[in-house]
Amino acid sequence: MGSAGGGGARGGTLNNCVVYFNTATNGANFYQDEWSGPLNYCCTMPMPTNGVGNITNEPAFVETNGWSNLRLQSNSPCINAGNNSCVTTSTDLDGNPRIVSGSVDIGAYEFQGPGSVISYAWLQQFGLPTDGSADLAHGDAMGTTTGRSGVARPIPLTRSRRCACCRPRPPATT
Ligand SMILES: [Ca+2]
């Protein structure tokens, strides 16, 4: 909690961080100016103007009453929404594996349960389930892309690029 500016962070560069629920007169969660580094793959509000891969959804901690458990709930948008190239340790704050289900989570604790290998924030944005059932629904044709972000995300289906099983077929000719 800060009084002047940047309740959660002021300046610096943040990767794969939750910066949420802070208060300050100016920049409740973070304060960026022309000398600040970017916020990348962070869960914060509002959306940073300097940085990539950020989400603004609430992180869905297990228990915010007294901030007693900042592990991620099984439906947290932070799950798999981080960037593996920013990972510098093999374990999370609990000593568990830092990367589970292929992609690192945003925040200090990696969700250890089963589920999708895709960013939960991305899945939730499109109303897709996070239990893993969406991962292979169109996997053969759609696949995933890591692009320049390095984060595994399915290639979005568009009207011009549908998977073979969904693509309208021309009428049969006899
Ligand atoms: Ca993960």
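Of the 174 residues of the protein, 33% count as buried; a residue is buried if 20 or more other C-beta atoms lie within 10 Å of its own, exposed if 12 or fewer, and partly exposed in between, with C-beta atoms placed from the backbone. The structure is a predicted model, in which local features need pLDDT of at least 70, side-chain atom pairs count only at pLDDT 80 or more, and totals for chains, interfaces and linings use all residues. Residues are numbered from 1 along each chain as its sequence is written.

The average pLDDT, the predictor's confidence in each residue from 0 to 100, is 84 for the protein, and 76% of the residues score at least 70. Over residues 157–167 the pLDDT is below 50, and this stretch has ten contacts in the model beyond near neighbours in sequence. Two residues are in contact if their C-beta atoms, placed from the backbone, lie within 7 Å. Where pLDDT is low, the predicted coordinates should not be read in detail.

The protein contains two helices and twelve strands. Helices (H or I, at least four residues) and strands (E, at least two) are DSSP runs, numbered from the N terminus. Along the sequence the pattern is β-β-β-β-β-β-β-β-β-β-α-α-β-β. Among contacts between residues at least 6 apart in sequence, 40% join residues at least 24 apart.

A nonpolar core is a set of buried Ala, Val, Leu, Ile, Met, Phe, Trp, Tyr and Cys residues joined through C-beta atoms within 7 Å. The largest such core has 25 residues, and those with the most contacts inside it are Val-18, Val-19, Cys-42, Cys-43, Cys-78, Ala-81 and Ile-106. Two or more residues are given to this core by β3 (18–19) and by α1 (120–125). The largest share, four residues, comes from α1. Leaving aside neighbours within four places in sequence, Ala-81 is in contact with Tyr-41, Ile-55, Asp-105, Ile-106, Ser-119, Tyr-120 and Ala-121.

Two loop residues were also examined. Ser-101 lies in the loop between β9 (99–100) and β10 (103–104). Ser-101 is buried because 21 other C-beta atoms lie within 10 Å. Apart from neighbours within four places in sequence, Ser-101 is in contact with Asn-80, Gly-115 and Val-117. Ser-101 and Ser-119 are 18 residues apart in sequence, and their C-alpha atoms are 9.9 Å apart in space.

Glu-34 lies in the loop between β4 (30–31) and β5 (39–40). Glu-34 counts as exposed because it has 5 C-beta neighbours inside 10 Å. Glu-34 and Gly-11 are 23 residues apart in sequence and 9.1 Å apart in space, C-alpha to C-alpha.
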